[in-house]
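The sequence and structure come before the details.

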Amino acid sequence: MGVGETRAERPARDALLALSRTHAILQSAQLELTKRCNLSCYHCYVAGSPVELPTSRWLDVVDELEAEGCLHVTLTGGEVGLRRDWLEVAARVKHCRMTLTVLTNGTVFSSDDIGRLADLRPLLVGVSLYGGTAAAHERVTGVAGSFSRSMASLRALRELGVACRVGCPLMPDTFPEVDGIIDLAEELDCQFMFDPTIAARADGERSVLDYRLPVAQVEEYLGNIRLRPRGSRGRRAGEPPKRRPAPPVYCGAGITAAMIEANGDVLACMGLRPAFGSVETASFHAAWHGSIAAAHRIRMQAPLDDCPGCRFLDHCTARCPRQALVETGSMGGAPPRTCELTAFAMEVLAEMDDLRPDRDG
């Protein structure tokens with residue numbers, strides 16, 4: 001379920017999503033305000049032109065997103081806080097009656113920034129955290145003092161009642177830190193999220209894939225109940241989650257969701273090219289409803305290249321067209337990492353089925 005969503009609201013959300021997919025109605029947009037960052041994380045996926053749109057254009061873009069029917073905007077970077085105008089853009093999002101998420105490393109916010117952000121009542125602030133200690137976290141960021149600054153922002157935001165989530169990619173350096181990160185999240189009463197995928201950089205450069213978690217640790221991750229979202233931990237011990245078939249469209253990128261890079265390029269998602277157009281020289285509407293976007297949607301809804309007949313197809317919800325494009329040369333291809341993770345997930349579920357208490361006995 002979405003952040004703050006109740007079970008009663010889920011059918012309405014699903015119906016809206018289905019309608020949006022059918023008519024390519026924009027539901028969410030991610031705005032990359034800058035590619036600049038003050039940290040040096042070795043796994044970073046951000047790449048591309050350093051050019052940035054001016055404040056006035058970003059404000060107009062937010063207005064254009066509202067006109068398209070957009071419901072949710074995420075502000076990200078680079079490090080979003082390095083733009084002096086980021087709070088002005090955030091305020092425009094709220095003025096346009098859209099929900100707001102901010103993704104940050106949390107190291108550059110002043111107390112005034114945090115107070116102003118809290119006043120905007122964002123849906124969520126996501127803060128990157130790579131370890132439960134300064135040494136572990138800074139082994140990834142490469143910057144001394146970054147752990148204490150991130151934690152200070154998290155604590156200040158939580159004290160003001162802002163919903164927060166710590167996020168961590170699962171890599172050999174971060175996997176041993178899982179319990180420590182969860183402990184910090186629970187201490188702060190905030191959400192946590194771990195990502196075992198690790199995708200190529202936005203420009204397609206693949207060296208970052210070397211940081212993917214080894215297969216044996218992926219299996220351990222999938223079997224660790226502490227890594228499940230909080231909403232799923234109420235099940236009885238040994239009871240698997242309900243299995244829901246994947247939707248006919250395996251990803252909303254370019255169909256219900258868009259990404260706008262710092263230089264104005266409109267993408268289906270980060271790194272998934274060609275760009276639909278650019279808001280630097282034209283309107284968002286022109287890009288979203290243009291011929292490149294239309295061709296993308298046709299491809300996204302076409303049969304997958306390598307998947308018909310796969311016994312896991314109905315349960316494969318981790319499909320990423322960008323990852324498929326980088327690894328197979330086709331958005332409809334089957335990236336080996338996705339196949340690997342899905343197969344392991346189904347094995348774990350099967351084992352949990354075997355251990356499930358017999359309710360009829």
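## Aromatic pairs

Rings of Phe, Tyr and Trp (its six-membered ring) pair if their centres lie within 6.5 Å; planes under 30 degrees apart count as stacked, over 60 as edge-to-face and the rest as tilted. The model is predicted: local features need pLDDT of at least 70 and side-chain atom pairs pLDDT 80 or more, while totals for chains, interfaces and linings use all residues. Residues are numbered from 1 along each chain as its sequence is written, and side-chain values use heavy atoms, without hydrogens and water.

Five aromatic pairs are found in the whole structure. One of them is tilted, because the ring centres of Tyr42 and Tyr211 are 4.5 Å apart and the planes stand at 40°. These two tyrosines are 169 residues apart in the chain.

## The cluster at Trp288

Phe276, Phe284 and Trp288 make up one aromatic cluster. Within it, Phe276 and Trp288 form a tilted pair, with 6.3 Å between centres and 55° between planes. Both Phe276 and Trp288 are buried (under 20% relative accessible area; exposed is over 50%, partly exposed in between; 1.4 Å probe, protein chains only).

Arg297 lies over the face of Trp288, 4.4 Å from the ring centre; this requires CZ of Arg, or NZ of Lys, within 6 Å of the ring centre and within 35 degrees of the ring normal.

## Helix 10

Helices (H or I, at least four residues) are DSSP runs numbered from the N terminus. In helix 10 (residues 291–300), Ala293, His296, Arg297 and Met300 are buried. They line one face of the helix, because they fall within an arc of 100° seen down its axis, taken from the directions from the axis to the C-beta atoms. Ser291 and Ile298, on the other side, are exposed.
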